[in-house]
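Colleague: I would like to learn how to read this model, feature by feature. Shall we start with a pair of helices?

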Amino acid sequence: MSDTPTDYAFGMIGLGTMGRNLLLNMADHGFAVAGYDKNQKQVDLLGQEGQGKPVKGFTDAKAFVQSIKTPRAIMMLVPAGPIVDSVIADMLPLLAPGDILIDGGNSHFTDTERRAKDLASKGFHFFGMGVSGGEEGARFGPSMMPGGDKDAYATMQPVFEAIAAHVDGAPCVAYMGPGAAGHFVKMVHNGIEYGQMELIAETYGLLKNGLGLDNAAIGQVFTQWNEGRAQSFLLDITKDIFAFDAPGTDHLLLDDIKDEARAKGTGKWTSQVAMDLQAPIPTIDAAVSMRDLSKYKDLRVQLSQQYGAAGHLAGDKAELLKQLEQAFYFSMIISYAQGMHMLAKASEEFKYDLQLATIAKIWRGGCIIRSAFLNDIYNAFEKDNKLAHLLLDSKVQELVQGAAPGVRAVVAAATLAGQPVPAYTSALGYFDAFRTARLPSNLIQAQRDYFGAHTYELIGKEGVFHTQWTGLRSKTETPAGPAANEKPATPPVAGTKQSNQEPLNPQQ
């Protein structure tokens with residue numbers, strides 16, 4: 001093709017692995033595309049890998065922008081944070097109102113909201129789009145979660161549907177909703193990813209340290225699970241890791257890797273925002289905490305020497321393996337359920353109008369958390385898009401109840417042996433708490449009212465109440481309790497008309 005200034009239909013800023021592979025994917029589908037990077041090496045790689053394809057790289061920003069047809073559509077795949085703002089600031093003088101800018105990185109959703117408003121005020125179209133699938137997904141078909149400017153997405157829809165992964169003939173890309181809906185959905189996706197990776201890691205620990213299996217046997221377990229109902233991308237790559245020797249050796253590369261997990265922050269964001277939304281996601285929280293804890297290697301070694309090593313799981317090994325598969329499947333379901341519930345809460349809070357069935361549908365292919373179980377999630381919300389919680393679906397209920405005995409047995413055995421399983425434990429605790437009609441949280445409310453006059457509500461009685469639980473304590477009272485000659489006041493009975501129980505204005 002010619003190199004006239006208007007040959008290219010799409011531009012990409014950032015030619016790292018993801019950006020370069022997405023461009024090559026587009027070129028494979030017949031789209032003429034241009035890429036820009038300040039690093040000449042990245043531009044050269046695009047040229048080498050894109051030989052014979054309608055793709056061209058630039059190190060000159062002005063030439064890059066001029067090469068794209070107007071109105072221009074340009075996507076950024078650069079690290080989240082200030083770099084995105086810097087790229088936008090550099091590009092705006094070269095663009096014209098009506099052009100489309102897309103942030104395909106892992107930006108925090110609040111940054112996306114801010115940028116969308118700012119760019120709209122200047123006449124530009126902008127939307128954030130989560131992209132999942134890693135380098136292989138980007139090259140051959142990712143899952144993509146765009147949100148924001150709906151008209152701008154409609155312009156790009158044919159391109160993204162062409163390059164996306166496809167499952168049952170449907171592309172794994174769909175408009176998520178207004179504002180930063182796309183980046184919010186991707187953030188929760190990454191939180192679920194954290195949870196499931198931690199579950200697999202804890203499983204590895206139980207197989208190796210709790211059951212004494214060697215690497216070959218562990219790899220076989222993951223292979224078998226991946227051929228069954230727990231099939232997923234993460235299990236698939238795990239079985240491959242257990243078949244990969246360190247170059248020039250006869251042992252696994254895995255055995256040479258430090259046990260200190262890193263993170264880029266999206267899991268932490270998920271936990272932080274979930275707390276703001278009051279959407280409990282304890283399995284994801286545990287996964288984030290365990291990555292942090294893993295970094296304290298020296299301290300862990302010191303404590304292991306002082307407290308001793310954990311023991312083996314007690315019981316029949318074959319039965320424990322069966323129970324462990326049930327435990328993993330149960331906990332995997334719970335991690336998805338936590339993420340979907342958080343999305344539902346966010347949809348209400350931010351007016352995203354998220355379609356949970358659509359989200360599950362596009363996660364079935366291309367993305368890191370794709371699994372066979374996503375079909376069950378899709379079916380549950382397709383049947384009832386207003387389903388308050390995934391655990392209410394009858395099919396999911398059947399699966400959870402069938403696997404619950406296994407997780408109870410595994411958590412009990414691991415706890416008795418001293419093997420760390422915080423993600424498994426949190427999944428079971430979350431399930432048991434949610435299925436408890438009356439929690440002991442009433443005591444917490446009573447305590448809060450006792451020490452801080454934070455009020456409480458009563459069963460079957462309107463209003464907000466406060467009780468003076470005791471008389472004023474003596475100034476001579478010791479920290480241990482009332483003075484020996486002081487008789488504690490009898491606390492009032494909730495719901496009575498005692499004078500020290502006061503109904504309060506709910507607005508107070």
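Modeller: Two packed helices are described by the angle between their axes and the distance between the axes. Here the axes of helix α8 (residues 181-210) and α10 come within 10 Å and cross at roughly 40°. Axes are lines fitted to C-alpha atoms, for helices over the stretch in contact, and angles run from 0 to 180 degrees between N-to-C directions. Helices (H or I, at least four residues) and strands (E, at least two) are DSSP runs, numbered from the N terminus.

Colleague: What should I know about the source before going on?

Modeller: This is a predicted model: local features need pLDDT of at least 70, side-chain atom pairs count only at pLDDT 80 or more, and totals for chains, interfaces and linings use all residues. Residues are numbered from 1 along each chain as its sequence is written, and side-chain values use heavy atoms, with hydrogens and water left out.

Colleague: How are α8 and α10 oriented to each other?

Modeller: Angles under 35 degrees count as roughly parallel, over 145 as roughly antiparallel, 65 to 115 as roughly perpendicular and the rest as oblique. α8 and α10 are therefore oblique.

Colleague: Which residues of α8 and α10 meet?

Modeller: E193, Q196, M197 and I200 from α8 meet L234, L235 and T238 from α10. Contact means heavy atoms within 4.5 Å.

Colleague: Now the sheet. In what order do the seven strands lie?

Modeller: Strands of a sheet pair through backbone hydrogen bonds, either parallel or antiparallel. In this open sheet the order is β3-β2-β1-β4-β5-β6-β7, with mixed pairing. Two strands pair if DSSP finds at least two bridges between them. β3 (55-58) and β7 (143-148) stand at the edges with a single partner strand each, so one side of each has no neighbour in the sheet. From one strand to the next, the twist averages 25°.

Colleague: How many bridges join β5 to β6?

Modeller: Four bridges join β5 (residues 100-103) to β6 (residues 125-132), and the two strands run parallel. I102 has F127 in β6 as its bridge partner.

Colleague: Which strands does helix α4 lie across?

Modeller: Helix α4 (residues 82-91) lies across β1 (10-13), β2 (33-36), β4 (73-76), β5 and β6, at about 155° to β4. Helix α7 (residues 150-163) lies across β1, β4, β5, β6 and β7, at about 30° to β6.

Colleague: Next, charges. How many salt bridges does a search of the whole structure find?

Modeller: Side chains of opposite charge can pair when their charged atoms come close. The search finds 20 salt bridges (a side-chain nitrogen of Lys or Arg within 4 Å of a carboxyl oxygen of Asp or Glu). One of them joins D28 and R139, at 2.5 Å from N to O. D28 sits in helix α1 (residues 17-28) and R139 in helix α6 (residues 134-140), 111 residues apart.

Colleague: Is R139 buried or exposed?

Modeller: Buried means under 20% relative accessible area, exposed over 50%, partly exposed in between (1.4 Å probe, protein chains only). R139 counts as buried at 15%. D28 is partly exposed, at 40%.

Colleague: Which residues form a network of salt bridges?

Modeller: D85, D103, D111, R114 and R115 are linked in one.
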